[in-house]
Amino acid sequence: MLNPKNWVSNYGDYLFSIALMKTSNTEVAEDLVQDTFLSAIKAADSFKGESAEKTWLVRILNNKIIDYYRKKDVLKGTSDYLDSTENNFDEHFFEANSHSEAYWKKEAMPDHWKAEADSSLNQAEFNKVLEFCMQKLPSKLLPVFVLKYMDDEDADKICKELDISSSNYWVIIHRAKLLMRACLEKNWFLNEGKLA
Amino acid sequence: MKTIYKISLTCKEATAASSMKEEGKLSLFLAVRLFLHYMSCPPCRRFINQFKLILKGIRSYRRTASDKPLHHLSPEKKQSLQEKINKLG
């Protein structure tokens, strides 16, 4: 059944990688892995053997990560943050014209990508650039981006889990996509893996 | 032209609406306005297509990451973790 003596060697790096990807913070990720193992031991009775040990531990870790997002001030003041940064953000990407067409700023406009800059050509390098760009996302945008694109959760579930409004959800997704696209363009699709 | 301006979305609105479309949360009216915007806006079309490529990259990343860990705990951290587990277990 459960074999805690082998947990660290069997699953330590795996759980750590998930936690690091979802928090972009080494210390936080280490703490979350430790919390996961310690909670798992306390909850060992609830392990029914219906899922693999690894799956069960990942589920505990994912719950810890949601708790971290909610409790550790990560998302506190999200509305204020989004309001106070809105103008700067818009000005970075879009022209503010007096008529109703707000066009892309020249330097922010999606460029033509090289056809050969496909991520599958050098996945290991692309992975590094992807993680680099996720680390550069503002901390208030990262949780929503992770739950949507790494865990495939939908808007309703994410809003409920993170206790954010649906309008904030859409603003966060919009900004995260603009930032990720711009970062990946700069560091991968136009320059192929040369981190700027 | 005046009517077109009213119906057509700005690039900011169009890129925002594209995410709602991804999740099937776009009203028909907004979907039509988004389509009309795409017709006349190559950069926004590139934005959509490029994000599809990015999603492909993210999916590959997830596959790689589920096969083998991309990061490693330090040996010291592993040892201290195992000691804590042994104490409890």
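How many helices and strands does chain A have? Chain A has 8 helices and 0 strands. Helices here are DSSP runs of H or I with at least four residues, strands are runs of E with at least two, and both are numbered from the N terminus. Along the sequence the pattern reads α-α-α-α-α-α-α-α. The C-alpha atoms of chain A fill a box of roughly 65 × 40 × 30 Å along the principal axes.

This is a predicted model: local features need pLDDT of at least 70, side-chain atom pairs count only at pLDDT 80 or more, and totals for chains, interfaces and linings use all residues. Residues are numbered from 1 along each chain as its sequence is written, chains are lettered from A and ligands numbered from 1 in the order in which they are written, and side-chain values use heavy atoms, with hydrogens and water left out.

**Domains of chain A**

Chain A is divided into domain 1 (4–72) and domain 2 (78–189). The bounds come from an automatic or database domain assignment. The C-alpha centres of the two domains of chain A lie 27 Å apart. In contact (heavy atoms within 4.5 Å) are 7 residues of domain 1 and 12 residues of domain 2 of chain A. Together these domains bury about 870 Å², 68% of it on carbon and sulfur atoms. Met21(A), Tyr69(A) and Arg70(A) supply 53% of the area that domain 1 buries against domain 2, more than any other three residues. Buried area is the accessible area (1.4 Å probe) lost when two parts are put together, summed over both.

**Helix packing**

Axes are lines fitted to C-alpha atoms over the stretch in contact, and angles run from 0 to 180 degrees between N-to-C directions.

| Helix pair | Angle | Axis distance |
|---|---|---|
| H2(A) (26–42) and H5(B) (75–88) | roughly 20° | within 10 Å |
| H5(A) (123–136) and H8(A) (166–189) | about 140° | 10 Å |

H2(A) and H5(B) are therefore roughly parallel, the term for angles under 35 degrees. Their crossing is right-handed, with the near helix turned clockwise from the far one by less than a right angle. H2(A) contributes residues including Val33(A), Phe37(A) and Ile41(A), while Leu81(B) and Ile85(B) are among those of H5(B). The contact of H2(A) with H5(B) divides into 7 nonpolar, 1 polar and 3 charged residues. Nonpolar covers Ala, Val, Leu, Ile, Met, Phe, Trp, Tyr, Cys and Pro; charged covers Asp, Glu, Lys and Arg; the others, Gly among them, are polar.

The crossing of H5(A) and H8(A) is also right-handed. By class, the contact of H5(A) with H8(A) has 11 nonpolar, 1 polar and 1 charged residues.

Terms used:
Angles under 35 degrees count as roughly parallel, over 145 as roughly antiparallel, 65 to 115 as roughly perpendicular and the rest as oblique.
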